[in-house]
Amino acid sequence: MAEPSLQSPFAEVRWIWKNGELVEFEKATVHVLSHALHYGSGVFEGIRCYQTPDGPAVFRLPDHARRLVVSAGVYRMELPWSQGQIAEAILDTIRANGLSQCYIRPLVIRGFSPQGLGVNPLRSPIEMIIATWPWGKYLGEEAQERGVDICVSSWCRPSPNTLPSMAKATGNYLNGQLIKMEAVTNGYAEGVALDPQGNVSEGSGENIFLVFGNTLLTAPSAASLLPGITRDSVLHIARDLGLEVREQSIPRGHLYTCDELFFAGTAAEITPVRSVDRIEVGDGRPGEITRRILREYLAVAEGKAPDRRGWLTPVGAPVAHSVP
Ligand code: PMP
């Protein structure tokens with residue numbers, strides 16, 4: 001068996017955008033007394049840039065930039081950058097690093113305030129970074145071909161009036177970490193969490209879809225989930241393919257009785273699920289509808305199918321950047 005590559009995904013990343021300028025990778029640091037480190041006060045995005053026949057292009061960039069701004073608003077963070085400026089800064093960062101395809105991580109945090117470090121974040125300054133790096137298949141190279149084994153987590157999602165799941169906040173991911181650690185410790189690729197009522201919510205970093213015949217089901221945003229941009233893309237693609245689509249409460253039991261099951265998220269893209277709690281989904285192989293949606297999703301993202309909804313933003317040619 002080939003040795004797994006030990007090369008860091010950051011090896012070729014030279015520039016990180018920080019508070020309005022590109023700085024060298026090693027200089028993109030924050031103070032240890034930053035509010036976000038102590039209290040989880042950050043909001044972020046996860047975006048992918050794909051290699052297309054016309055050069056690199058970012059998938060659904062305005063939607064991601066908008067969600068970042070909206071997430072910041074929930075936490076009363078006053079961003080000195082507009083949605084459009086954030087989108088431009090993302091493109092600048094990709095061009096400076098000369099990447100043809102990458103994952104993009106914008107992050108807004110409450111930084112260090114010389115006035116103290118109480119829970120109240122309102123006096124802590126806003127800091128923002130944008131990092132880019134090459135990132136392969138999130139749930140493993142074979143995940144999309146063969147499907148993954150998952151479990152139902154013993155951890156639930158927080159109830160709606162504890163943490164707003166539609167804001168993509170760093171603090172939410174402590175719950176996500178519990179779900180993910182439990183799953184991988186027990187030999188699963190991922191865990192799916194229930195909402196506080198015991199209905200299906202989402203994976204630690206993906207939304208989930210169930211297929212019954214020609215009908216696609218996914219949980220509603222009231223089920224303590226992040227309404228993902230990939231989820232929205234799947235809803236569009238499925239309707240285009242003539243499938244019936246329903247957003248509705250899904251009892252846990254349906255995870256064991258559906259014909260097909262798949263995750264949807266920027267990092268995971270579309271990943272088929274082949275078993276839940278060691279119970280096979282369908283015949284234990286990715287189903288036909290899942291494979292059609294995966295094919296269509298990648299075709300649009302990789303610029304191989306017409307971009308009828310304007311989901312791709314071209315990055316343009318790499319731009320050499322040097323230390324100012
Ligand atoms: N739920 C959670 C908890 C996530 O972290 C993600 C990844 N951002 C998703 C769903 C999928 O969202 P998107 O399709 O916008 O990446």
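A polar contact here is a pair of N or O atoms within 3.5 Å; within protein, one must be able to donate a hydrogen and the other to accept it, and residues adjacent in sequence count only if both atoms are side-chain atoms. The model is predicted, so to speak of local features takes pLDDT of at least 70 and side-chain atom pairs count only at pLDDT 80 or more, while totals for chains, interfaces and linings use all residues. Side-chain values use heavy atoms, with hydrogens and water left out, and residues are numbered from 1 along each chain as its sequence is written.

On to the ligand. A side-chain N or O atom of Glu202 comes within 2.6 Å of a ligand nitrogen. Tyr173 does likewise with a ligand oxygen, at 2.4 Å, and a polar side-chain atom of Arg67 lies 2.9 Å from a ligand oxygen. Of the 380 Å² that the ligand exposes when taken alone, the protein buries 94% (Shrake-Rupley accessible areas, 1.4 Å probe). Around the ligand are 15 residues (a heavy atom within 4 Å), and Ile229, Thr230 and Thr266 are listed among the closest.

As for the fold, the chain is assigned domain 1 (15-133) and domain 2 (143-301), bounds that come from an automatic or database assignment. Their C-alpha centres are 26 Å apart.
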